[in-house]
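Me: I would like to go through a model and learn how to read its strands, its backbone angles and its confidence values. Here is the entry.

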Amino acid sequence: MTSTPPPGDPAPTAAPTPTGPVHVIGEILHSRRTGAYQHVTLAAPDVAERVRPGTVVALTAGEPRLGRRLFWVRGVRTVGGFGSAVEIVVEPTGPGSRWVAELPVGARLPVTGPLGRPFSLPRDPVSCVLVGEEVAAACLYPLALRLKERGCAVTMLLGARSESHLLAALEARRTARSVTVVTADGSVGRKGPADDLFGAALPEVLERAAADVVYAAATTPSLARVARAAEHHGAWCQTALTQPGVCGTGLCQGCAVPVAGEDGLVRSARACADGPVFRGDRVRWDELAGGAP
Amino acid sequence: MSANAARIPGPVMNAAGCGGTGRELAAYGDLSALGAFVTRTITLTPRTGGSMPRVVETPSGLLHAVGLQNPGLDRFLATELPWLVRQGARVVVSIAGESVVEHAELARRVGQSPGVAAVEVDLAEPDPPAWGLLETREPIASALVATRVISSCRRELPRDVPLLAKLRPDPVRVVDQAYGLLEAGVDGLVVGHALPALMPDGRSGALSGPALFPVARRCVAELAAAVPDLPVIGCGGVGSTADAHAMLDAGAVAVQIGTALLHDPTAVHRIAAGVGGDRRHDTGGAR
């Protein structure tokens, strides 16, 4: 067993199932800044093939840092000579994410993924509303494509504090039937209050789209509100939680989410291994740190 | 040396609480390829664990306050343990209790379950009162309480199931503790647990990782010199095959991998492959 597999080759201990995670050495193919975010394309075959919308990848964050950083997968694409690659969106806010954002093309680093449970897709071509806030919206783009392939009507509601933190609304318009944009400062789209970005727009969008299913990826307080609005509207809701994971693999139990089971009992689920996607009506939002009251 | 010393699995296993339920770790390698799989610490009743954040990065280790989240003994014995045994894992079950009696019950019921390679009693939780566990750390009572826990667990366990005690990595006191526990019937020690620490927000927590490696290694060396007949499993900041060899060279019969697994989920398999077979057979029976 070698400790450093060549780029692209799965670790010798690859998962037995084609959907499980693998641990490989990835290579940075592209890295470009757009607004507040760094879009990083990583050659990580075998990871890319296994990615489903809603799953994440975990990256090392530089030599001295023991924790790992989890990133939403924005898309999967084929890059000549490298097989398939994953595109992740990095918001450089701390030393670890800055380190990843500043990696030069050609840099190699350990990649683990895909991690977590993806969004589940509807069997029938129903009306889907996708609500995305800032960097978390990244996971909705591959989801929108999959839903469109299935004949679903896709409506997107995107929000951010300002235009620079808004993820590619232009591209959303290619997939979605309609796109509504809300920013806290009104720099693009509608102006929404900073403490309840989707507040006014959400019920309106759900109504207009006659939403059957709501998919949301946002901060915890926003997810709590989206879940409530979806329930009020009578739509199924799946929420993708952003939790500060340390291992991302389910080993450490460091990312607890209170989730009610079929039996009504609340259990402590792991955001990384049991999530990041949970049914909106199952998460006990008020018990979750940072949740809306 | 007890007859069970030779039954202690090794030489490389995960540390308690760093291998998930086993299913997550199995995605990166066969559990039967490890010296053993150590479960997260199991308590008699289910525990949902502490509040967030539970794990925080520091420059030289991870601070954690997970709060012993586990499904409780019944559910563990009904679902997780049989699955682990079916994978061919040598299962070391980590237990912690709120009283001596509860420890004894845990040991008895775990010991009756087929496929258990050893029982590891967690005597070094950094904050027993915070989690409602038995306090085993006060200077005078510790000898009495910890030895009572071990002797009652020993009584309840089948004779051929090794009983391990996990201690705090305190090089000054670990030898005295070892003498008491040896007399109480312990078959081996795991040294050590995390160091008590404060979370950034002031809550009780504990520190694990590379910062602890030299401390744990010193504990192993002290024990090897003072109590050479008592097998010691080195645990604390082992992150590479070289670290594992250094721990074994200091006198450990096996090592456990904790924090490194949270950084690289293949670490324990990589180190197990690097260290190779059971070291006890390589050293000409020196231990």
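Me: Which residue stands opposite A:Ile25 in β6(A)?

Reply: This is a predicted model, and in it A:Ile25 stands opposite A:Pro110 of β6(A). That position belongs to an antiparallel pairing of strand β1 (residues 22-34) of chain A with β6(A), made over six bridges.

Me: Which other strand pairs with β6(A) over three bridges, and in what sense?

Reply: Strand β3 (residues 56-60) of chain A pairs with β6(A) in the antiparallel sense over three bridges. Within β6(A), A:Thr112 is the residue opposite A:Ala58.

Me: How many of the eight residues of strand β6 of chain A are buried?

Reply: As a general idea, side chains in a regular strand alternate between the two faces of the sheet. In strand β6 (residues 108-115) of chain A, six of the eight residues are buried, so this strand is largely enclosed by the rest of the structure.

Me: What is phi of A:Gln253, and is A:Gln253 buried or exposed?

Reply: A:Gln253 has a positive phi near 55° and is likewise a residue other than glycine. The loop that holds A:Gln253 runs between β12 (236-241) and β13 (256-260) of chain A. With a relative accessibility of 9%, A:Gln253 counts as buried, because the cut-off for buried is under 20%.

Me: Where is the peptide bond cis in chain B?

Reply: Most peptide bonds are trans. One cis bond leads from B:Met52 to B:Pro53, with omega near -5°; B:Pro53 is in the loop between β2 (37-38) and β3 (55-58) of chain B. Another cis bond joins B:Val191 to B:Gly192, with omega near 5°. B:Gly192 is placed in the loop between β8 (188-191) and β9 (195-198) of chain B.

Me: Over which residues of chain A does pLDDT stay under 50?

Reply: Chain A has an average pLDDT of 87, and 92% of its residues score at least 70. Over residues 1-17 of chain A, pLDDT stays under 50, and the model has 38 contacts beyond four places in sequence for that stretch.

Technical notes: Residues numbered from 1 in each chain as written. Chains lettered and ligands numbered in written order. Predicted model: local features only at pLDDT ≥ 70, side-chain atom pairs only at ≥ 80, totals over all residues. Heavy atoms only, no water. Helix = DSSP H or I, 4+ residues; strand = E, 2+ residues; numbered from the N terminus. Buried < 20%, exposed > 50% of the residue type's maximum accessible area, 1.4 Å probe, protein only. Pairing = 2+ DSSP bridges. pLDDT = per-residue confidence, 0-100. Contact = heavy atoms within 4.5 Å.
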